Amino acid sequence: MTRRIRFNAFDMNCVAHQSPGLWRHPDDRSHRYTDLNYWTDLAILLEQGRFDGLFIADVLGTYDVYGGNDTAALRHGAQIPVADPLLLVSAMAAATRHLGFGITTGTGFEHPYPFARRLSTLDHLTNGRIGWNVVTGYLPSAARNFGADDQLGHDERYNQADEYLEVLYKLWEGSWEDDAVIRDAARGIYADPSKVHHIGHRGRHYTVPGVHLSEPSPQRTPVIYQAGASPRGVRFAAENAEAIFVAAPSKRVLAQTVSRIRDALQEAGRDRYAARVYALSTIVTAGTDAEARRKHEEYLSYASVEGGLVFMSGWMGIDLSRYDLDDPIGQVESNAIQSAVAAFQEADDDGREWTVRDIGRWAGIGGMGPVFVGSGQTIADRLQEWADDTDVDGFNLAYAVTPGTFEDVVRHVVPVLTERGAYPAEYAPGTLRNALFGAGDRLPQEHRGARYRLGGPGSTALPDAVSRPGISLAGRS
């Protein structure tokens with residue numbers, strides 16, 4: 001049986017996203033990120049290519065590890081300037097019927113109560129096509145601009161995020177009953193107060209006694225995305241995520257990562273395939289292999305090595321400006337970057353010792369994932385090989401230039417995969433959750449969030465308890 005491959009598009013409300021320097025290419029239109037027509041046109045294109053969704057990354061800080069400041073990030077447009085991702089979704093949803101939207105926000109920088117309303121609003125306005133990428137943050141600059149000296153410790157950020165999700169699940173799943181809104185004009189009752197329940201949450205980080213401000217949306221809880229790769233991050237994803245993004249430069253590393261995620265899902269009491277796993281990658285394609293190689297070389301001539309090092313410094317937490325570009329990687333004092341580069345070298349056939357320059361060059365197009373170069377047939381072969389060998393569900397596609405990279409994928413790769421029966425010929429109907437899993441609009445019963453569903457099996461949100469203000473459910477999950 002031919003294995004199905006899924007695509008997400010990976011973008012950000014900024015210039016060049018993960019390909020620093022490519023904004024200079026004459027075909028790149030990422031400088032139009034402030035033009036709403038750029039986003040609606042992109043959404044229409046992706047829907048024509050039957051992408052699962054558009055995943056929009058975000059940061060609330062600058063990449064200032066490199067050189068100890070944000071000068072290089074500003075110079076190269078390395079995810080600065082950057083605008084809000086949530087405000088794009090309504091317009092793109094109005095221009096499409098099926099495309100899903102995954103937006104990124106951090107749990108450390110906004111109280112869950114107003115955030116719950118914002119996501120419910122988007123779920124209503126998109127007819128259930130919204131997903132949320134849960135991030136705990138990794139840039140110290142973001143924490144400083146919110147009044148803290150630094151971020152919370154790594155695992156403590158996830159502990160806070162656990163409670164953040166608990167509050168949201170209670171609001172989304174356990175506040176309004178399905179039939180609370182009755183719109184009875186004769187009796188003058190819009191919503192039945194006996195069917196709207198105060199959640200009574202009192203925890204370590206948050207106190208939220210009241211009701212959810214929004215009536216139930218098509219999915220109630222949006223599709224949960226997550227991208228944590230640490231042991232604590234994987235455990236958090238296994239308990240909450242329905243789509244998981246990973247970045248691995250080689251098949252071996254990707255296969256290990258996917259296997260670890262599947263094991264964690266099972267340990268969390270869920271099916272091994274309860275979450276779709278998407279691998280970061282970039283595709284450079286054209287009518288022939290030779291044309292694609294020429295295009296790739298042209299893109300590389302615009303890529304910024306220093307911009308790549310700005311990103312790598314932020315991701316790894318080590319200032320790579322302290323090293324000469326031609327220093328061997330063995331001279332870089334960091335276990336984290338050593339292990340990452342060891343994985344990169346698996347994708348390089350010449351066996352040479354990598355330098356700091358090589359790291360920046362690798363990150364110059366598409367960030368931490370591999371770049372696949374070739375004709376539509378060649379790319380389809382590679383993607384099917386990677387999917388078969390790693391058990392990954394699909395690919396989160398970054399761009400070299402936009403919208404050209406996505407146009408090329410839709411023109412050259414999607415028809416080949418579709419003809420082979422490896423790509424959907426049409427969208428599944430309904431919400432994003434149903435499109436991803438074909439099992440309805442709501443969270444499945446084994447998901448952590450379903451425990452807070454009113455009256456459901458194993459529910460911790462019981463109407464007779466939470467309808468009275470001041471009764472806490474904290475600690476009952």
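Predicted model: local features only at pLDDT ≥ 70, side-chain atom pairs only at ≥ 80, totals over all residues.
Residues are numbered from 1 along each chain as its sequence is written, and side-chain values use heavy atoms, with hydrogens and water left out. Local features need pLDDT of at least 70 and side-chain atom pairs count only at pLDDT 80 or more, while totals for chains, interfaces and linings use all residues.

**Cavities**

A search of the whole structure finds two cavities of 30 Å³ or more. A cavity here is a set of points, on a 1 Å grid over the protein atoms alone, where a 1.4 Å probe fits but cannot get out; lining residues have an atom within 4 Å of a point. Grid points are joined across faces, edges and corners, and a volume is the space filled by probe spheres set on the points.

The largest cavity has a volume of about 70 Å³. Its lining includes Arg-4, Arg-6, Arg-50, Asp-52 and Glu-426. Also among the lining residues are Pro-424, Tyr-427 and Ala-428. Helix H15 (residues 432–437) gives the largest share of this lining, three residues. Helices (H or I, at least four residues) and strands (E, at least two) are DSSP runs, numbered from the N terminus. By class, the lining of the largest cavity has six nonpolar, no polar and five charged residues. Ala, Val, Leu, Ile, Met, Phe, Trp, Tyr, Cys and Pro count as nonpolar, Asp, Glu, Lys and Arg as charged, and the others, Gly among them, as polar.

The second largest cavity holds about 50 Å³ of space. Its lining divides into four nonpolar, four polar and two charged residues. Among them are Trp-172, Trp-176, His-212 and Ser-217.

**The loop between S8 and S9**

Ser-217 sits in the loop between strand S8 (207–208) and strand S9 (223–226). Ser-217 counts as buried because its relative accessibility is 7%; buried means under 20% relative accessible area, exposed over 50%, partly exposed in between (1.4 Å probe, protein chains only). Not counting residues up to four places away in sequence, Ser-217 touches Ser-120, Asp-123 and His-124. Contact means heavy atoms within 4.5 Å.

Gln-219 is buried, at 0% relative accessibility. A polar atom of its side chain lies 3.0 Å from the backbone oxygen of Ile-130. Beyond its neighbours within four places in sequence, Gln-219 contacts residues including Asp-123, Glu-173, Thr-431 and Asp-441.

**Salt bridges**

The count comes to 26 salt bridges, each a side-chain nitrogen of Lys or Arg within 4 Å of a carboxyl oxygen of Asp or Glu.

| Pair | N to O distance |
|---|---|
| Lys-251 and Asp-389 | 2.7 Å |
| Asp-408 and Lys-295 | 2.8 Å |
| Asp-408 and Arg-411 | 3.1 Å |

Lys-251 meets Asp-389 in a salt bridge. The pair links distant parts of the chain, helix H8 (residues 251–267) and helix H13 (residues 376–390), 138 residues apart. Lys-251 is partly exposed at 24% relative accessibility, and Asp-389 is partly exposed at 46%.

Asp-408 counts as buried, at 10% relative accessibility. Asp-408 and Arg-411 are three residues apart in helix H14, so about one helical turn separates them.

Arg-3, Arg-262, Arg-276, Asp-391 and Asp-393 are linked in a network of salt bridges.

Terms used: 1 Å grid on protein atoms, 1.4 Å probe; cavity = no way out; pocket = protein on both sides within 12 Å on 5 of 7 lines; lining within 4 Å. Polar contact = N/O pair within 3.5 Å; in protein donor to acceptor, adjacent residues only side chain to side chain.
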